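Please keep the structure below in view while reading.

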Amino acid sequence: MNEEMDSVVDEIVRAVGKEVSVEEVKKNLKKFIEYGVPVDQAKRAVIQKYGGKGVIPSSNKKKLGDVEPYDKRLSLLGKIAAVEEREVEVKGEKRKIFRGLVGDETAVLPFTAWKDFGFGKGDVVKIKNASAGEWGGQPRLNFSEWTEVEKTDESIDLIKRKAQRYSVIDLKPGLSNVEVKAKILTMEERDVSVEGKNKKVYSGIMGDETGKIRYTSWADFGIKEGDVVEISGAYTKSWRGAPQIVFNENAKVEKLDEALLVENIGTEKIPIHKVVEAGGGVDLSIEGVVIEIQKGSGIIYRCPKCNRAIREGVCVIDGEVDGILDLRIKAVIDDGTGAVNAIFGRDATEKLIEKNLQDYEKMTEKSGEEAVEKDMEDLLIAHPVHVTGNALSDDYGVTVIVQNAEVIHPEIKEEGEELLAKVEALK
Amino acid sequence: MREPALRVFAGEYNESTHILKGGGEKVPSYVISPLGAKINRLFIVGVLTDIENVAQEGEMWRAHISDPTGIYTIYAGRYQPEAANFLSQTETPSYVAVAGKARVYEPEEGVVFVSVRPEMIKEVDASLRDYWIMETCRHTYKRMEAMREAMKMNPPSVYKLKELGYPSFMAEGVVEALSAYKDVDIDHYQFLIREALSHFASGKIEYVKELGEAEKKILEIVKKCEGEEGALWDEIVDSGEKEGVERNLVEEALTSLMDKGMVYEPILGKLKTA
């Protein structure tokens with residue numbers, strides 16, 4: 001809330017046009033507000049108090065289509081396309097907020113109103129001193145205590161909110177009205193009961209050349225494995241630490257005659273920041289440098305009952321057990337745009353470092369457990385690796401469960417010459 | 001979220017004077033480079049040129065790592081036991097990889113020294129160093145591009161840069177740098193990349209033999225003239241010419257020796273063997 005107050009204080013200071021203490025202006029303004037004077041009147045009063053003319057400097061007047069995240073002091077005219085009341089908890093206190101959509105002929109944007117402005121669906125309103133945040137790569141408007149909303153009789157034709165086209169890799173949780181073209185790679189049919197009624201759901205994995213994603217369809221669109229489809233009006237959410245796309249009978253699903261997407265599904269290498277921003281994904285392909293081998297790498301023992309890694313023959317769940325020997329690596333892979341944790345199971349580990357569990361058992365007998373970790377560091381630290389697998393996110397960040405991995409030996413001379421040519425061409 | 005380890009040449013990192021301080025406990029601080037790298041953590045591969053224990057008592061190791069554009073300073077003390085231990089027993093010159101946190105020292109207002117506190121340090125080979133140079137060129141080039149795009153915008157917008165496909169990290173850094181640094185001299189960084197890339201350029205390899213001969217001679221000369229403080233650049237060039245090494249080749253040889261970490265510049269204009 002303070003930011004909006006600051007911007008009002010800013011306006012006053014500028015309107016006064018001479019040296020005044022910001023702190024004092026703020027104090028004065030607060031006093032008026034506490035007395036229940038509406039913000040715009042309080043503003044005028046403070047300006048007059050300092051001998052200003054009470055002229056409010058022009059604010060940031062924009063069409064909705066021009067609003068960008070982090071815009072402040074916005075002046076807008078729009079039609080409320082939808083609004084709903086919500087209860088949220090802010091610092092342990094329950095508060096009523098209003099969420100909805102406001103639009104004009106250029107765009108429809110989501111908004112959050114932090115108090116009841118008394119507007120309803122269909123109202124055309126003049127909005128002053130709003131701000132914008134960002135959600136899912138889209139601006140979202142905030143109407144705070146400091147925002148003024150005034151109903152008008154003007155009429156506005158809303159732009160038809162067009163579905164936004166995404167590549168699979170750019171799908172992150174929290175998007176709505178999504179359009180995507182993808183191939184259905186797997187499909188499972190399940191019966192579930194929703195509010196006492198039996199319903200069929202269809203779920204699986206679909207993908208385009210940029211990546212793969214889990215999907216759930218709540219309606220039968222007659223799609224089968226292998227189909228290339230265009231879906232519009234879907235939404236995304238986070239499910240078990242990775243993004244998922246969901247569509248129901250409100251969506252449009254069209255089967256395409258394209259063979260185009262058949263090859264190269266999800267084989268493109270993805271910059272790591274995209275994996276981090278999406279909060280995980282299925283069957284990803286990434287490349288980065290190993291910058292850390294974490295504790296718990298090397299030869300470990302697993303509990304025969306629950307498969308957890310155990311320490312000195314004791315499992316946190318099952319107590320004293322006869323551990324089963326295993327090999328793994330926990331590493332951090334970083335490509336300079338982002339970083340992920342990576343867990344390599346025994347197969348992936350043995351393939352990656354071209355040594356097997358027996359080799360490391362011998363090494364342990366000869367030189368101790370630390371030798372194994374040291375050897376892994378020697379073989380991997382600072383080396384570029386190519387990794388495929390599923391990625392999940394939790395409180396600690398994104399973790400890739402590695403399916404396959406190899407150390408790469410990039411051909412840098414050629415790439416160097418290419419980049420040099422590009423740099424020279426800039427002249 | 002784990003902070004990514006940025007690839008930034010020493011030439012760019014050392015010119016950073018703007019710090020974005022994190023408010024509150026868990027908000028990280030960043031060094032903003034002139035080209036808009038938003039640095040909390042760095043990944044560096046270069047030549048370890050010298051190591052010194054600078055603590056009054058106990059241990060605080062200062063070391064320098066050279067890349068084709070400049071020199072990083074790293075510090076490791078008792079809170080970085082593995083790095084300190086590594087530095088206490090490593091020979092120079094050698095190729096090392098370092099992942100570490102950006103550190104800032106501001107002795108007075110407006111004066112900023114940046115260094116690196118290693119979280120990981122490891123000896124590597126020349127091929128990994130070359131790969132790092134290539135990667136760092138690529139990242140620097142991308143920032144340069146983003147910076148050019150941002151300069152066309154009025155005002156520069158993080159959102160618009162992201163829409164153009166730049167990672168949010170880069171977009172934020174570039175916009176922050178544009179407002180913090182009055183003039184960002186993009187051409188300077190273009191030069192930096194070119195210097196670094198010329199390391200791989202074709203034709204270089206044949207030249208290397210001739211250079212190799214010159215390098216040996218020049219290295220001897222530097223050893224002879226260096227004393228405590230290091231040898232003066234001009235003195236080396238003069239002595240070189242006396243021994244029949246042409247002026248250009250002397251300079252090439254010196255640059256190459258510096259790249260390899262066999263010679264470094266303890267003070268501007270003076271050279272010392274590592």
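In β5(A), A:Ala130 is the bridge partner of A:Leu74, and this contact between strands belongs to an antiparallel pairing of β2 (residues 74–90) with β5 (residues 124–135), both of chain A, over 6 bridges. The model is a predicted one, in which local features need pLDDT of at least 70 and side-chain atom pairs count only at pLDDT 80 or more, while totals for chains, interfaces and linings use all residues. Residues are numbered from 1 along each chain as its sequence is written, chains are lettered from A and ligands numbered from 1 in the order in which they are written, and side-chain values use heavy atoms, with hydrogens and water left out.

Strands (E, at least two residues) and helices (H or I, at least four) are DSSP runs numbered from the N terminus, and two strands pair if DSSP finds at least two bridges between them.

| Partner of β5(A) | Sense and bridges | Residue pair |
|---|---|---|
| β7(A), residues 148–152 | antiparallel, 5 bridges | A:Ile127 and A:Val149 |

Helix α8 of chain A (residues 412–425) has buried residues (under 20% relative accessible area, with exposed meaning over 50% and partly exposed in between, for a 1.4 Å probe and protein chains only), namely A:Ile412, A:Gly416, A:Leu419, A:Leu420 and A:Val423. Seen down the axis of α8(A), these buried residues fall within an arc of 110°, so they line one face of the helix. On the other side of α8(A), A:Glu414, A:Glu418 and A:Ala425 are exposed.

Terms used
Arc of directions from axis to C-beta.
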